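Here is a short briefing to keep beside you while you turn the model on screen.

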Amino acid sequence: MIEHPVRLLAALLSLTLIAILNPLHASPSVAAFKETPFFADRVARGDLPPIGERLPAKPLVVDLEARGRKIGIQGGDVISIVARARDIRYISANGYARLVGYDQDFMLKPDILEAIDEQDERIFTFHIRPGHRWSDGAPFTAEDFRFFWQDVANNPALMPSGPPEFMLVNGKPPRFEVIDPLTVRYSWDQPNPRFLPQLANPLDPFIYRPAHYLKQFHASFADEAKLNDLARSKKLKSWAGLYNRIDSMNEVSDPDLPTLQPWRLVTSPPANRFYFERNPFYHRVDTAGQQLPYIDRVIFDVAAAGLMAAKANAGEADLLFRGLNMSDIPILKEGEQAKGYHTLLWRNARGSELALFPNLNCSDPVFRKLNRDPRFRRALSLGIDRETLNMALLFGLGAEGNNTVLAGSPLYREEFRTTNAQFNPDEANRLLDEIGLNRIYEDGLRQLPDGRNLEITVELDGDNMVMADGLTLIAEFWRDLGIRLIVKPQDRAILNNRTYSGQTIMSASHGLDNAIPTPIMPPTELAPMWQDNLSWPKWGQYVETRGSSGEPIDIPAAQELARLYAEWLATSDKEIQTRVWLQMLMNHAENQWSIGTVAGALHPIVVKDGLANVPQNAFYSWLPTSLIGIYRSDEFFWTIPERRGAPKQ
Amino acid sequence: MIGFLLRRIVTMAVSLLIISALVFFIIKLPPGDFLSNQIAELRAQGEGASAEKAAFLIKEYGLDSPIWEQYLVWLGAWPGPNGFSGLLQGDWGWSFEYERPVREVIGDALWLTLAVNLAAVIFVHVVAIPIAIYSATRQYSFGDYAATLFGYIGLAMPSFLLALILLFYSNRWFGISIGGLYDPDFYGAPWDWPKVKSLLSHLVVPTVVIGLGGTAAMIRRMRANLLDELNKQYYVTAKAKGMPPTRALLKYPFRMSLNPFIADIGNLLPHLVSGSVLVSLVLSLPTVGPILLAALLKQDQYLAGFILLFTACLTVFGMLISDLMLAWLDPRIRLGRRSR
């Protein structure tokens, strides 16, 4: 029945492992469900049905011990801090209930869905858990999928651009069928390998919506004139704008909007403290029959970003990770003893903490020609002393080399990181001489063909001072190559616009966002697909706008990347996908489209003593770990009885 | 007097109109708008929000109309989606970031801002005036030098740095939670005694930090003003006629030296709302300052515009009040006539 994970694994892992990981074989049984103490009063009063009726008929049973975790005890609050009220929405990344989601080995597993039947990555049949309910108690059914597909995605008033892009294959939408109230099917003519990975994204595309709730704001189901009046009172032109505002599953700003996530919002914004309460209808249980999450309430205090480390140091957070970074580690360590918490050091899963992006679409003709010369980009890379950078920026703990995947990804190969990334100023100088960038004086600057000095302005987002420090060091290394590097920090919006229009020569930013990919994740970051990629903004524009603006890709090696990406998209064969990934990564190492430096910064995670089941060592990233989402925060629990005490209400 | 008032009110209206236009256009100057920023942020997180969707939302929010039209709609001089509804009609506009009317966003923050800044103003006066009198009457004494030293330190100390240091030690020594205006446990709780107590204990650091610079400046100015007056003949005469020194001091030179402070009310009023932005940011106070900064960064145009305009209003009214009070207090000032 669950064909997809099996196929995945078959390509990657040995057969023995399948028997353990496949939910069909491993599904543990539960003798009896235990009522959640938090809800005992409400159940006794009759406000909530008892546990047996709240859970789906087939809940997802989590075998914690098989994964080396402890079976917990329900109860207690976890306090965290957000920099601004809107950031509470990251709970949907950290809670991470998805139709299908990644597990800790980055395998796709059905989560909210009971099972998925998949045929050649073309036909996907979703099986909903019988008896699964929204957080308000209404049943979760095929209607919720149908509502999104027919009344939202394909409603020109709500989505003038049509269904989301990942649901189109060569511009064509899938055929959508409701087979029975608990089964829906999406089928394409060609494979759509992006479909399931996108559903596991930290920003859930929500191809299901709480239809029973949202219909009251939808003109097909409610009085349009009344809705329009309501919209105008909120400064909107029509009901469509109002609907879009209310149907904001990812914003998590409306306590009335039902959810399937482990915790639901109970505080109406605006506020300085937000309470989330456990979802009484959540679909996961442990083997002891306790409904997850273990933690009753998650509380977010709003505090200035600059105070986060200080507040953690004062013991005011039980769990804190977003908003901290490596430079906070000393102050976090300092307060550990006194305030009873510990600081875990996870690894950032970025391709490079600092990468340089020569703009291949630069409008200055001389630099455009230079940036497009692979010898020039290689020379720049060979001229960087990454060991010194590592010592200066990451206490020597980072991984030196190209902007590429990290060890830990099944796609990692040593040469991707090392090719063209050794410190070799002699070779770099030789390459620069060969290009014809001559020096007039022995130790002076090189000259551009039009007589200007070789001065490269590297532009970056002014918020990131660590990067600016790194660039200052690179400027020293490049001086030996006869190149002057000028650092220009500025506002990010301005930087983006300058890059998109070709005004920048080179910019600096983080490397790959997802540096621990598996072959089933789309290699979109490696190909010229988006204008956000600082190396080739205009190519990306051209692809995004289907040729109406930007420039067509005109370098053969980059055309190869686009071709490989298309090959990845068109196949359902994991071996081909793996080969495509490896070829693209090698292409990047050889061509130095972006010049990586050091990767693997440590990310501090502050955890109050007594909060168990938090991994000691893990990757921290947006994609694919969904912040801490894939580590299942619904399984964290308090080992200290006092912390599990009845919450103040 | 009435003629003067009328003339002043007309000039005030005109200057507010000009200020409102300036504020709005300057907020709109940077490239992009709230929604394009928003969409860039979403894309950075891997949601491929397409350009078409952005266009739809921009239209829905009316951000596609020309700037002058957006301005006039905001002002209430041009029909928006909801007819004439702008500042002139008492509608403060809509905040995109909070998805709420500006009135609701500012509401609570405004009161807390007033509380913090009022506390700081009182602190400044209560501390500065006695010290200034002391150091003026005992010029070049040890106490005077000590006050001067204190004053210069207060002027030179970057307030945000002091804020961080005080915050850290007030947490270490007194267990006061870091940042905010009361303990996180009291968020959303009704205003009872423990919450007020928590508010008061949290007010100490902001009050001292915000007030310190002002206190130092006030000591220096008050001292200088008083020194000017102390050598004048009326004061010498009063003392010579046997008036008790304290009474003589407070009755004449002290009153004279207050004049510049009344002239300062025009600056004090807007300061009550928009002052202390930096300190509020550092201390994470739920006041108007951080809201204003975030709104400007995000180009949440109506929210930012309203706060700035409101501050401008207070400045203009403050000026009027201080002019009127000066005229009333100081018989040497005559209104509306060129004195010869």
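Helix 6 and helix 8 of chain B pass each other in a left-handed crossing. Please keep in mind that this is a predicted model.

**Helix 6 against helix 8 in chain B**

- The axes of helix 6 (residues 142-156) and helix 8 (residues 193-230) of chain B come within 8 Å, and their crossing angle is roughly 135 degrees.
- On the helix 6 side, the contact is made by B:Ala147, B:Gly151, B:Gly154 and B:Leu155.
- Facing them from helix 8 of chain B are B:Leu212, B:Gly213, B:Thr215, B:Ala216, B:Ala217, B:Ile219 and B:Arg220.
- Sorted by class, this contact has six nonpolar, four polar and one charged residues.

**Helix 5 against helix 6 in chain B**

- Helix 6 of chain B also meets helix 5 (residues 102-137) of chain B, with axes that come within 8 Å and cross at roughly 135 degrees.
- Helix 5 and helix 6 of chain B are therefore oblique to each other, and their crossing is left-handed.
- B:Ile131, B:Tyr134 and B:Ser135 of helix 5 are in contact with B:Gly143, B:Asp144, B:Ala147 and B:Thr148 of helix 6.
- The classes here are three nonpolar, three polar and one charged.

**Where chain B touches chain A**

- How many residues of chain B are in contact with chain A? There are 40 of them, and they meet 37 residues of chain A.
- On the chain B side, two or more residues come from each of these elements: helix 2 (34-44), helix 3 (51-60), helix 7 (159-174) and helix 14 (277-283).
- The side of chain B that touches chain A is made up of 18 nonpolar, 14 polar and eight charged residues.

**Chain A as a whole**

- Chain A contains 24 helices and 25 strands.
- Its C-alpha atoms fill a box of roughly 90 × 60 × 60 Å along the principal axes.
- The radius of gyration of chain A is 26 Å, which agrees with the value near 26 Å for a compact globule of 649 residues.

**The two domains of chain A**

- Chain A is divided into domain 1, made of residues 10-209, 247-324 and 604-644, and domain 2, made of residues 355-599.
- The centres of domain 1 and domain 2 of chain A are separated by 36 Å, taken over C-alpha atoms.
- Between the domains, 16 residues of domain 1 are in contact with 16 residues of domain 2.
- The domain 1 side of this contact has eleven nonpolar, two polar and three charged residues.

**Helix 16 against helix 19 in chain A**

- The axes of helix 16 (residues 374-382) and helix 19 (residues 425-435) of chain A come within 8 Å and cross at roughly 155 degrees.
- Helix 16 and helix 19 of chain A are therefore roughly antiparallel to each other, and the crossing is left-handed.
- From helix 16, the contact takes in A:Arg375, A:Phe376, A:Arg378, A:Ala379 and A:Leu382.
- From helix 19, it takes in A:Glu427, A:Ala428, A:Leu431, A:Leu432, A:Glu434 and A:Ile435.
- What is the class make-up of this contact? It has seven nonpolar and four charged residues, with no polar ones.

**Backbone details in chain A**

- A:Leu292 and A:Pro293 are joined by a cis peptide bond, with omega about -5 degrees.
- A:Pro293 sits in the loop between strand 11 (284-286) and strand 12 (297-302) of chain A.
- A cis peptide bond also runs from A:Leu623 to A:Pro624, where omega is near -5 degrees.
- A:Pro624 is in the loop between strand 24 (619-620) and strand 25 (637-638) of chain A.
- The loop between strand 24 and strand 25 also holds A:Leu627, a residue other than glycine whose phi is positive, near 60 degrees.

Key. Residues are numbered from 1 along each chain as its sequence is written. Chains are lettered from A and ligands numbered from 1 in the order in which they are written. This is a predicted model: local features need pLDDT of at least 70, side-chain atom pairs count only at pLDDT 80 or more; totals for chains, interfaces and linings use all residues. Two residues are in contact if their C-beta atoms, placed from the backbone, lie within 7 Å. Helices (H or I, at least four residues) and strands (E, at least two) are DSSP runs, numbered from the N terminus. Ala, Val, Leu, Ile, Met, Phe, Trp, Tyr, Cys and Pro count as nonpolar, Asp, Glu, Lys and Arg as charged, and the others, Gly among them, as polar. Domain bounds come from an automatic or database domain assignment. Axes are lines fitted to C-alpha atoms, for helices over the stretch in contact, and angles run from 0 to 180 degrees between N-to-C directions. A crossing is left-handed if the near helix is turned anticlockwise from the far one by less than a right angle, and right-handed if clockwise. The radius of gyration is taken over C-alpha atoms; the globule rule is 2.2 Å times the number of residues to the power 0.38. Angles under 35 degrees count as roughly parallel, over 145 as roughly antiparallel, 65 to 115 as roughly perpendicular and the rest as oblique.
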